[in-house]
Amino acid sequence: QVQLVESGGGSVQAGGSLRLSCAASRSTYSEYWMAWFRQAPGKEREGVASIYTGMGSTNYADSVKGRFTISQDNAKNTLYLQMNSLKPEDTAMYYCAAIWRASRGMWYRPMAWDYWGQGTQVTVSS
């Protein structure tokens, strides 16, 4: 059982920055993949970035490369998503996911993940 709690969302103007946090209930960062997803109204949930905790391997969606950075703090059991140069199209509910099951699909597929947080809203105005 893993509990995930996101925080750090809010409303910003285009070009601004936000840092999202995901606190995990137990230490899984050295053994599992973790990821950030987002879902806008009327759209499917999509993978934003993933990281293999303890190894530093990362993946990013093309739409956020060069603007977003995924990172971790093992001592605090916390995952982060630094979001810079935000655009209105980044507006969505952002979710933290943990424990990727490769047998169920690629990292950017929601069905491949075992645990989810409740989400934190990010709104970017033009």
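**Exercise 1. Determine which side chains form a salt bridge with aspartate 90, and where the partners lie.**

*Solution.* 
Step 1. The side chains of arginine 38 and aspartate 90 form a salt bridge, with 2.9 Å from N to O. The term denotes a side-chain nitrogen of Lys or Arg within 4 Å of a carboxyl oxygen of Asp or Glu. The model is predicted: local features require pLDDT of at least 70 and side-chain atom pairs count only at pLDDT 80 or more, while totals for chains, interfaces and linings use all residues. Residues are numbered from 1 along each chain as its sequence is written, and side-chain values use heavy atoms, with hydrogens and water left out.

Step 2. Arginine 38 belongs to strand β4 (residues 33-39), and aspartate 90 to the loop between β8 (78-83) and β9; the pair, 52 residues apart, links distant parts of the chain. Strands here are DSSP runs of E with at least two residues, and helices are runs of H or I with at least four, both numbered from the N terminus.

Step 3. Aspartate 90 also meets arginine 67 in a salt bridge, at 2.7 Å from N to O. Arginine 67 lies in the loop between β6 (57-60) and β7 (68-73) and aspartate 90 in the loop between β8 and β9, so this pair ties together parts that are 23 residues apart in sequence.

Step 4. Arg38, Glu46, Arg67 and Asp90 are linked in a network of salt bridges. The structure holds 6 salt bridges. Side chains of opposite charge can pair when their charged atoms come close.

**Exercise 2. Decide whether arginine 38, aspartate 90, arginine 67 and aspartate 62 are buried or exposed.**

*Solution.* 
Step 1. Apply the cut-offs: buried means under 20% relative accessible area, exposed over 50%, and partly exposed in between (1.4 Å probe, protein chains only).

Step 2. Arginine 38 has 6% relative accessibility and is therefore buried. Aspartate 90, at 0%, counts as buried, and arginine 67, with a relative accessible area of 10%, is buried.

Step 3. Aspartate 62 has a relative accessible area of 65% and is therefore exposed. Its side chain meets that of lysine 65 in a salt bridge at 3.1 Å from N to O.

**Exercise 3. Find the disulfide and state what it connects.**

*Solution.* 
Step 1. A search of the whole structure finds 1 disulfide, the term being a pair of cysteine sulfur atoms within 2.5 Å. The partners are cysteine 22 and cysteine 96, with 2.1 Å from S to S.

Step 2. The angle about the S-S bond is -75°, and the link of cysteine 22 and cysteine 96 is left-handed. Cysteine 22 is buried at 0% relative accessibility, and cysteine 96 is buried with a relative accessible area of 0%.

**Exercise 4. Describe the nonpolar cores.**

*Solution.* 
Step 1. A nonpolar core is a set of buried Ala, Val, Leu, Ile, Met, Phe, Trp, Tyr and Cys residues joined through side-chain atoms within 4.5 Å. The largest one has 27 residues, and Trp36, Leu81, Met83 and Tyr94 have the most contacts inside it.

Step 2. At least two residues of this core come from each of β3, β4, β5 (46-52), β7, β8, β9 and β11 (120-125). Strand β9 gives the most, with 5 residues.

Step 3. A second, separate core of 7 residues includes Ala35, Trp107, Ala112 and Trp113.

Step 4. Contact means heavy atoms within 4.5 Å. Leaving aside neighbours within four places in sequence, methionine 83 is in contact with residues including Leu18, Leu20, Phe68, Tyr94 and Val122.

**Exercise 5. Characterise the overall fold and the pairing of β7 and β8.**

*Solution.* 
Step 1. The protein has 0 helices and 11 strands.

Step 2. Strands β7 and β8 pair in the antiparallel sense over 6 bridges; two strands pair if DSSP finds at least two bridges between them. Glutamine 72 stands opposite leucine 79 in β8. The hairpin of β7 and β8 has 4 residues between the strands, and asparagine 77 takes a positive phi near 50° there.

Step 3. Of the 126 residues of the protein, 41% count as buried. Along its principal axes, the C-alpha trace spans about 40 × 30 × 25 Å.
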